[in-house]
Amino acid sequence: MTQDELLNALAGLRQARIGTVRAPHKPLLILWLLGRFAAMGSTAVTYDEAEGPVSRLINDFGPTMSNPSQAKQRAAMPFVHLERILWDLRDSEGRPIHASDPDRGAWLRTHGAHGALRPEVERLLTDPRTVAAAARLLLRQHFTPALETSICDAVGLDVTRWHAQAVSIPGQMQTRARRGGFVEEVLHAYAYACAFCGFDGAIGRHPVGLEAAHVRWHSQDGPDEVNNALALCSLHHTLFDLGVLGLRPDLRIQVSRWYVARSTAGRAVDALHGQHAATPRPGHSAIDAQYVHWHQAQVFKRPAAHAA
């Protein structure tokens, strides 16, 4: 296997969907395995070892699951279904576990399931540039830039290091380019102020801490248009992309019930619940309801804190 073949295999991961909801389980499992390889020089792991940390990753960076028992074993699905061109999965007797076998945590624990990326994959990962390219591809295809550092921290990848070492990703695996002028257009539409809290900091004439946030993520076919965007401060952009904050169709802000804070500053986020988000200035399109619905279904950590 060559580096290009590995990246092509990662770009072509089959994505299960739960109804119409995205399921980034496989990318998160692989990112966790990359972090494990960086720390230990091996991706060999039992299901029992992987279940807790990988399930937490999926709960933190994937759509919400309302059943707490099932949420604790979300690692089971990617552990069983990750493509065998990349992944070798066996039971306690050394017999292969197939994708048709049960993807349930109890079954995997009972059978002593353990897996590792294939030796030819691990040989490629000894080059840090390959780890960098693989991580960058998975993050760009399945997530959004505001989450990049958080995910890398969670899986144990040094984001500053792998940025410096990253190699070019072949053209057919590149994500579509962002439209030039999009950020300035969004900030202008919202009068250079956060649509959630009104923050409008600047140094001289230059805004600071303000960003253009996609409602439907760019990586998930969201357009670079004002009707799919909000001007948000850096904090609220991150919380919006994590699903701590969301929007109702009437553009009232929602705060996830899963969010907790003890300090006065942290509880200021709770105070946003039920408030109206700012709308664009005249002459700019309002947020399209279809993108609000996408964020509600795919990102927001339901349920909301309380009735608005």
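Start by selecting Leu247 and showing what surrounds it: leaving aside neighbours within four places in sequence, Leu247 is in contact with Phe196, Leu230, Phe240, Arg252, Ile253, Gln254, Ala277, Ile287, Val292 and Gln296. Keep in mind as you go that this is a predicted model.

Stay on Leu247 for a moment and colour by secondary structure. Leu247 belongs to strand S8, which covers residues 245–247. Is Leu247 buried or exposed? Leu247 counts as buried because its relative accessible area is 3%, under the 20% cut-off.

Next, select residues 234–242. This is helix H12, and Asp241 lies in it. Show the side chain of Asp241 and ask which residues it touches, not counting those up to four places away in sequence. The answer is Thr144, Ala146, Leu147, His214, Trp217 and Val299. Asp241 is a charged residue by class, and with a relative accessible area of 2% it is buried.

Select residues 45–46, 87–90 and 114–117 to bring up strands S1 and S2 together with strand S3. Here you have an open sheet of 3 strands in the order S1-S3-S2, with antiparallel pairing. S1 and S2 are the edge strands, each pairing on one side only. In general, the strands of a sheet pair through backbone hydrogen bonds, either parallel or antiparallel. Zoom in on S2 and S3, and you can follow their antiparallel pairing over 4 bridges. For a landmark within this pair, pick Arg90 and look across to S3: the residue standing opposite is His114.

How much volume does the largest pocket have? About 460 Å³. To find its centre, select Arg56, Asn59, Asp60, Trp258 and Lys301, which lie nearest to that point among the 17 residues of the lining. Then highlight helix H3 (47–61) and helix H4 (68–71), the elements that give two or more residues to the lining of the largest pocket. H3 gives the most, with 4 residues. Finally, colour the lining of the largest pocket by class, and you will see 8 nonpolar, 5 polar and 4 charged residues.

Definitions and conventions. Residues numbered from 1 in each chain as written. Predicted model: local features only at pLDDT ≥ 70, side-chain atom pairs only at ≥ 80, totals over all residues. Heavy atoms only, no water. Buried < 20%, exposed > 50% of the residue type's maximum accessible area, 1.4 Å probe, protein only. Contact = heavy atoms within 4.5 Å. Pairing = 2+ DSSP bridges. 1 Å grid on protein atoms, 1.4 Å probe; cavity = no way out; pocket = protein on both sides within 12 Å on 5 of 7 lines; lining within 4 Å. Points joined across faces, edges and corners; volume = space filled by probe spheres on them.
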